[in-house]
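Me: I am new to this structure and would like to learn how to read it. Could you take me through some features, one at a time?

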Amino acid sequence: LRDDSAQYDTGAVVEAIGGDKALSAERVAIFQREGDHVSCVEEMVRGEGDYEGAEKFCALQADHDPEGGRALYLHLLKLYIAVRPAEDLEPLATAASAEGEGAIPRRALCLLLSRPEWFSFAEVCDVLPPSTPFAAMREYIVELLVQSTLRRREVQMTRNLASRTHDEAQLEWATARAPRITIRDSTQCARCGQRLGQAVFSLPPNLRPVHIQCWSEDDPKS
């Protein structure tokens with residue numbers, strides 16, 4: 001089904017398969033071949049109950065297409081809230097006031113906590129039922145704030161590193177272009193012609209060293 005979908009009418013095959021749960025994997029294969037990622041996730045969750053497989057599929061798509069992956073994760077969150085998997089019969093409440101009706105399903109909350117970067121707070125608020133108590137979102141909000149703080153620090157560190165790299169590059173460039181001269185034991189005074197030796201000397205703008213006693217501001221050679 002994955003490799004030879006061009007040899008048959010996929011729509012006709014899906015229609016023939018119908019809603020037979022035993023053929024859920026086949027429907028996933030066809031949808032995946034067609035690039036219908038939303039239907040793939042729908043089938044994994046509703047048909048197979050393969051929640052881990054659905055999350056891995058979303059992660060794989062997000063690696064190739066971040067924007068499409070974000071939309072797919074949001075759709076998966078909606079499914080978790082609408083379907084409420086069997087393991088969510090006792091929702092994971094984050095506070096005593098969040099228990100029972102209005103609590104965020106376990107799978108949905110775990111998805112929010114494990115992948116906070118793929119959801120905006122506004123999107124989450126739109127997806128959750130209006131009856132959801134604020135206390136039920138506490139863990140998600142805390143994780144969102146932590147991730148936001150880490151991202152800001154990372155951005156600041158990146159900027160600081162870029163600024164430091166720029167400053168170092170400018171310093172290297174200025175150093176490379178700066179005029180330089182090497183003074184040796186044999187270096188002679190440009191005025192008297194004698195070796196500089198251990199005597200104090202001056203280095204005029206023309207970079208020709210001169211003994212201090214030979215220096216004269218009135219002398220053009222200096």
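Reply: Gladly! Let's begin at the end of a helix: H2 is followed by Gly-35, whose phi is positive, near 80 degrees. Helices (H or I, at least four residues) and strands (E, at least two) are DSSP runs, numbered from the N terminus. This is a predicted model, where local features need pLDDT of at least 70 and side-chain atom pairs count only at pLDDT 80 or more, while totals for chains, interfaces and linings use all residues. Residues are numbered from 1 along each chain as its sequence is written, and side-chain values use heavy atoms, leaving out hydrogens and water.

Me: Which residues of helix H2 are buried?

Reply: Buried means under 20% relative accessible area, exposed over 50%, and partly exposed in between (1.4 Å probe, protein chains only). In helix H2 (residues 24-34), the buried residues are Ser-24, Arg-27, Val-28, Ala-29, Ile-30 and Phe-31. As a general idea, an α-helix has 3.6 residues a turn, so residues three or four places apart point the same way.

Me: How many aromatic pairs are found in the whole structure?

Reply: Rings of Phe, Tyr and Trp (its six-membered ring) pair if their centres lie within 6.5 Å; planes under 30 degrees apart are stacked, over 60 edge-to-face, and the rest tilted. The search finds three such pairs. One of them joins Tyr-51 and Tyr-80 edge-to-face, at 5.9 Å centre to centre with 80 degrees between the planes. This pair links distant parts of the chain, since Tyr-51 sits in helix H4 (residues 51-64) and Tyr-80 in helix H5 (residues 66-83), 29 residues apart.

Me: Are Tyr-51 and Tyr-80 buried or exposed?

Reply: Tyr-51 counts as buried because its relative accessibility is 14%. Tyr-80 is buried too, with a relative accessible area of 0%. Another pair, Tyr-73 and Trp-118, is stacked: 5.7 Å centre to centre, 25 degrees between the planes. Here Tyr-73 lies in helix H5, and Trp-118 in the loop between helix H6 (106-114) and helix H7 (121-127), 45 residues apart.

Me: What is Leu-77 in contact with, leaving aside its neighbours within four places in sequence?

Reply: Contact means heavy atoms within 4.5 Å. Leu-77, found in helix H5, is buried, with a relative accessible area of 1%. Leaving aside neighbours within four places in sequence, Leu-77 is in contact with Ala-108, Leu-111, Leu-112, Phe-119, Val-124 and Val-127. Leu-77 and Leu-109 are 32 residues apart in sequence and 8.8 Å apart in space, C-alpha to C-alpha.
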